[in-house]
Amino acid sequence: RMFLRLLSDVRWWTVRPRWKSTSSFRHTTTSSAESSTISLPAQAQVVICGGGIMGTSVAYHLSKLGWKDIILLEQGRLAAGSTRFCAGIVSTVRHLSIELKMADYSNKLYQQLEQETGIKTGYMKTGSISLAQTQDRLISLKRIASRLSVMGIPCEILAPKQVSQLHPLINIHDLVGAMWVPEDAVVSSADVSLALANAASQNGVQIHERTSVSHVMVQKGCVTGVETDRGQIKCQYFVNCAGQWAYELGLSNEEPVSIPLHACEHFYLLTRPLKKPLESNTPTIVDPDGRIYIRSWQGGILSGGFEKNPKPLFTEGRNQLEIQNLHEDWDHFEPLLSSLLRRMPGLEALEIMQLVNCPESFTPDMRCVMGESPTVQGYFVLAGMNSAGTSFGGGAGKYLAEWMVNGCPSENVWPLDLKRFGALQSSRTFLRHRVMEVMPLIYDLKVPRWDFQTGRQLRTSPLYDRLDAQGARWMEKHGFERPKYFVPPGKDLLALDQSKTFYKPDWFDIVGSEVKCCKEAVCVIDMSSFTKFEISSTGDQALEVLQYLFSNDLDVPVGHIVHTGMLNEEGGYENDCSIARVNKRSFFMISPTDQQIHCWAWLKKHMPNDSNLLLEDVTWKYTALNLIGPRAVDVLSELSYAPMTPEHFPSLFCKEMSVGYANGIRVMSMTHTGEPGFMLYIPIEYALHVYNELMSVGQKYGIRNAGYYALRSLRIEKFFAFWGQDLDTFTTPLECGREFRVKLDKGTDFIGRDALMQQKQEGVCKRFTMFILEDHDTDLDLWPWWGEPIYRNGLYVGKTTSSAYSYTLERHVCLGFVQHFDEETREALVVTPDFINRGEYEIDIAGQRFQAKAKLYPFSSVFTHRRRKDEMELSGYHGK
Amino acid sequence: MLAASCCDRRMCVCPGPRRIAIPVRSSRLPLFSDAMPAPTQLFPLIRNCEIGRIYSTVCHCHHKHLCCLSPHLAHNHLRCTPQKKLAALCCPKENFNPFIHTRSYVSTPQRFYLTPPQVNSILKANEYSFKVPEFDGKNVSSVLGFDSNQLPANAPIEDRRSAATCLQTRGMLLGVFDGHAGCACAQAVSERLFYYIAVSLLPHETLLEIENAVESGRALLPILQWHKHPNDYFSKEASKLYFNSLRTYWQELIDLNSGETTDVKEALINAFKRLDNDISLEAQVGDPNSFLNYLVLRVAFSGATACVAHIDGVDLHVANTGDSRAMLGVQEEDGSWSAVSLSCDHNAQNENEIERIKLEHPKSEEKSLVKQDRLLGLLMPFRAFGDVKFKWSIELQKRVIESGPDQLNDNEYTKFIPPNYHTPPYLTAEPEVIHHRLRPQDKFLVLATDGLWETMHRQDVVRIVGEYLTGVHHQQPIAVGGYKVTLGQMHGLLTERRARISSVFEDQNAATHLIRHAVGNNEFGTVDHERLSKMLSLPEELARMYRDDITIIVVQFNSHVVGACQNEEF
């Protein structure tokens, strides 16, 4: 049986012949003696590094999609790393919907894998029970349950008593509830991996064990081959599935590829069988409050967990000493053992078999890393599974294979995209500190608006200290510190920090007063984190390339600002930005903070190699202050001795002017919220001066600091979509009511034009809609967050993408997409405004449905400003 | 009551938060409104809102597991617990109380406060260790050395510590001093008391020798060798004044020469009383130098308790005034630890003290003497240095204050006369002295201010120090390999190991180790880093509400020397 391999290498060899006989590998080398005899091919289309579940899954899916010329290299033996040691739980209990989809696909794949390949995978549908010891945890489970059920995955919220009916050993006395997902399964992950490898090799994939990659060869930013200890292989594509070694492998390149992940030790316990052996289909228990998981294993149990004090390792790269130190550490495991015995007191007399130490790799944001490197074309990565490799293996491999073959995956994988990180997340110290926070987080309660505490204060605005001294509370985005809100002096800080709740947070009034000030007077928000690029050229090249890359018409008079999307071939948003024409040949481009790497890579990829065309990242050169409010005009005109009224400075206009003593400040009449005001792009050395001047002059107009939470409330009540939150690569401008920002007949072709033309004719299948919660009590009910299912006339039609409390409407506002599924075929039909308007809507927050009113256009009557419709700036790229 | 920090840091003459309370009828919540007039009148410097904030944190401070319990519980706890230390509270508004939530869903507390190295740097800032030097590879002293440390809660800290070796007689002096109403008195006592004790112990000839040396301007015989942490300072300005007072004392001793050998117990009592007398006298006489004049007044109007140990061979004397404590750590034959108290607390929990005070005053005052466990309803310790407000007649107080500097005159506290003040003095600095002959099983002595004793039981203190000093913490990693072990057995083994390991590794100083436990212990008696860092990261003005200044000296005895001494004598 495969499990024995967990225990000794000797048995691996004894088991091996059986596996070999069932497989039809021809090219596979199975021992070191043989390996030297079969030489590596000189070239291939794809080289995959890593024979764990990720590498084999990518190989499997690539070969399924028709690519045959693939070589998989494994430094040791197949499925011998984390894959061999992991607990083999396949669970769809995930917070992110993309992760949920990957797990669901994996589950279905593994289920039929044995039939497909003839190799036993140990697949057993056990179901899983996630326990809640607290009310907050139960809310968190209910939120997942409502997402699972709209995915068609059966699940049920249970009372403690029902739990004991499902599992014989469990102590339910400290439980408040649980979630039962009957379709979840367990597998032997090593066997799954071998089955995938087997199937892949039948499809023509060559697998070479005991071959290690030393580095990837790159020419002109493209992969050309790999260098191994057994010679070179030329290739077009390289896939880094090296698990916890992926980081080191990425750095070994001449032009390093930053793959931020870091390994931590992870322990689980194996026991001998119980007196009355546990049934193999006993449900898997996940007790996140107790930080443990428990599954049935060979009549006994397998139980591990994610402790509060992880032990990171391999920080300095592969270290022989550390590898040898991978022993059982019982003292470290003690809290988890206590927790296990508390959950199942009947196990006291059960005999221990082994404590397994298997390192797992973790990423800075607890989401896996996949996709193409922003710097090296053809260099793909799939790693950093945060110890959910078995659950994600199938799905992640499928998406990556689609990405390589089709140029993009079939789902929005931006939350997992390697390009959400840059080189700034690749410091070893940062990774070591951050994963120590991430690993416990796996079982920590995930409450809304959670911020990492480690690895902070990396990128800051020059005003950081000033704002901090004035009570700023900070959040981090792409390493940049941004103020959330400002705690007024005299507030009890100790109490404020304990405000992590699914209900009304205690910053409610603070943000409310900031919003009020934005509406009635004037506020300053430091928005320096936004990505800022400058594109200039000697001739018209800059305009030409931008016209091709963006859907709106950029051939506007100097000084104008254009909101536009950067679309892909399907018409989906790759980026959403504001572009100011600074002069005839130079453009200033503002994008969301986390677009810094992605947008850069996209531009670089599509720009002609022309030395007269210059693209520069000027993010660090400017401090951005957003001056929001009706009195912003007064403050700025007093500081610049220039008239700032709409007659002199119309909306969406950009001018370089002096503010205070400082000259050359880029003033733009937009605020990203729909409120009147200005964005000031200030060369950093003037930042403090301009800020001080604004605050002192603004005093008589009631100026105050505000943070992103206020901005968020403002933009959501104005129905502004945010890229990365509301918009993604699968959303077109037509689907979110932005036809007016697409100039199909601007005279030049642009990426995505054909797709939009077609969509315009056929109509859209989803529509961005604003919902106002009707019977929701802000003080007493659970708050919406994002990802809540939307029901129309009782039928599921979509999910929310963001939500906020609108202090103006005194209601919650949710934004989300409405689809129209055919009741029979589940096919997506065209969504018309009429369809939207003629429906009764409900939003499901953790299982409780609230009536909502749907709107396709923002309330203009409630807000008092008179603006022409074409001036409406509907943009926003602020944080969540 | 609860001026969290002193009204004026520089002056430090306002009432400390803990020791002196303003009388109110009750400390319970429902009656707070009654208490309003007194505090506002007396603390004009505290704004209303601050009182609110301070109050809300007081609630916190009064249940020990503040980090672990839900706010809900905290509130209940508050309602049923009489306020022990802070007799007066005021409740200006209803809405500030953060615990009365409509919901109790508040979840995970913030997790990262201070990193372990930051915690350590705070804990170790004041640690000091002294090892008695060895001669010829042998340590002939009964004392191996001592570890001391202190952790401030007040800003500035009001505790002081002193340690010195007597050079003209044998023996070592160690003491902790807990100041109140400022740190001036504790500072003065920490500088001066050991000189008074040393002088009291000196034989007649040595006193003469010293006096002659001073007379003829020759170099003085050194009396004490101090063992000071760099943060422990002596006042330069007052040294001349202090020296003169001390000289007067030894001159009197020379004149009084009884010819008898000096009894340590008597010497300790005399030294305590004499110093307190000098403090009082210096304040009455004043000083032409306005700075010194103000200093002596601050010393006299503030107060300090003292707990001093004198160790000479197997003779251990502990002289105690107030509510600091000396605790002997005794290792029983089975290796377990027990605590032997070598001092009596002079406070309302000590019936003998209440009896003593009642005997010293007319029967008519019986009811007003001790109220709410405080002397005259105000002072927690029943014996102390300084505190002339409880010693001088009303006339004398008024005279001194009126002729004193303006700063003194402006201070509401100094002008305030305790209620029912009829037959002063109500307070004495006379110590209670306990003599103990050291035995080989007496391993160490812990001297600490009440900041430690109110957070930890003496038995725990002795056990923690004992285990620390004997170092039972070195453990091999466990491996199951080949043995039949059940989960239950393993669990028992691990729990035991963890209890032993706790945080011993981090400390090189027994006093630091003890403070770590005192501040960071959770309900299971193990150090909880989260709690520790939370307690240490409290803002200065809140810290005092959660904990008191803690000062600890741990003296380790040399059992071999003690054993040898014993054998010689029998």
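A salt bridge here is a side-chain nitrogen of Lys or Arg within 4 Å of a carboxyl oxygen of Asp or Glu. Keep that cut-off in mind for this predicted model, where the rule gives 56 salt bridges over all chains.

**Charged pairs in chain A**

Start with Glu116(A) and Lys64(A), whose closest N and O atoms are 3.1 Å apart, so the pair passes the 4 Å limit. This bridge links distant parts of the chain: Glu116(A) sits in helix H5 (residues 97-117) and Lys64(A) in helix H3, 52 residues apart. Glu116(A) is partly exposed at 32% relative accessibility, and Lys64(A) is partly exposed too, at 48%.

Next comes Asp365(A), which has a salt bridge to Arg367(A) and another to Arg420(A). Asp365(A) itself is buried, with 17% relative accessibility. What does the bridge to Arg420(A) tie together? Asp365(A) belongs to the loop between strand E21 (360-362) and strand E22 (369-372), while Arg420(A) belongs to the loop between helix H12 (389-406) and helix H13 (428-441), so the bridge connects parts that are 55 residues apart in sequence. Arg420(A) is buried at 6% relative accessibility, whereas Arg367(A), at 21%, counts as partly exposed.

Here are the individual bridges with their N to O distances:

| Glu116(A) | Lys64(A) | 3.1 Å |

Glu569(A), Glu570(A), Asp749(A) and Asp754(A) form a patch of negative charge on the surface. Take Glu570(A) as one of them: its spot is the loop between strand E28 (561-567) and strand E29 (573-583) of chain A, and it is exposed, with a relative accessible area of 56%.

Is Val58(A) buried or exposed? Its relative accessibility is 0%, so Val58(A) counts as buried. Leaving out residues up to four places away in sequence, Val58(A) touches Ile48(A), Val239(A), Cys241(A), Leu382(A), Gly397(A), Leu400(A) and Ala401(A). The C-alpha atom of Val58(A) is also 8.6 Å from that of Tyr399(A), although 341 residues separate the two along the chain.

Most residues other than glycine have a negative phi, and most peptide bonds are trans. At 9% relative accessibility, Phe314(A) counts as buried.

Chain B supplies the cis peptides. One joins Ala155(B) and Pro156(B), with omega about 0°, and Pro156(B) is in the loop between strand E2 (143-151) and strand E3 (159-166). Another runs from Pro424(B) to Pro425(B), with omega near 0°; Pro425(B) is in the loop between helix H15 (412-415) and strand E13 (432-437).

**Chain B as a whole**

Chain B has 22 helices and 15 strands, and 57% of its 570 residues count as buried. Among its contacts between residues at least 6 apart in sequence, 75% join residues at least 24 apart. Its accessible surface comes to about 24,400 Å², with 52% belonging to carbon and sulfur atoms.

How values were computed
Residues are numbered from 1 along each chain as its sequence is written. Chains are lettered from A and ligands numbered from 1 in the order in which they are written. This is a predicted model: local features need pLDDT of at least 70, side-chain atom pairs count only at pLDDT 80 or more; totals for chains, interfaces and linings use all residues. Side-chain values use heavy atoms; hydrogens and water are left out. Patches are made of residues with over 30% relative accessible area and no salt bridge: like charges are joined within 9 Å, nonpolar side chains (Val, Leu, Ile, Met, Phe, Trp, Tyr) within 5 Å. Accessible areas come from the Shrake-Rupley method with a 1.4 Å probe; for residues, only the protein chains shown count as cover. Lys and Arg count as positive and Asp and Glu as negative; His and the chain ends are not counted. The place of a charge is taken as NZ of Lys, CZ of Arg, CG of Asp or CD of Glu. Helices (H or I, at least four residues) and strands (E, at least two) are DSSP runs, numbered from the N terminus. Buried means under 20% relative accessible area, exposed over 50%, partly exposed in between (1.4 Å probe, protein chains only). Contact means heavy atoms within 4.5 Å.
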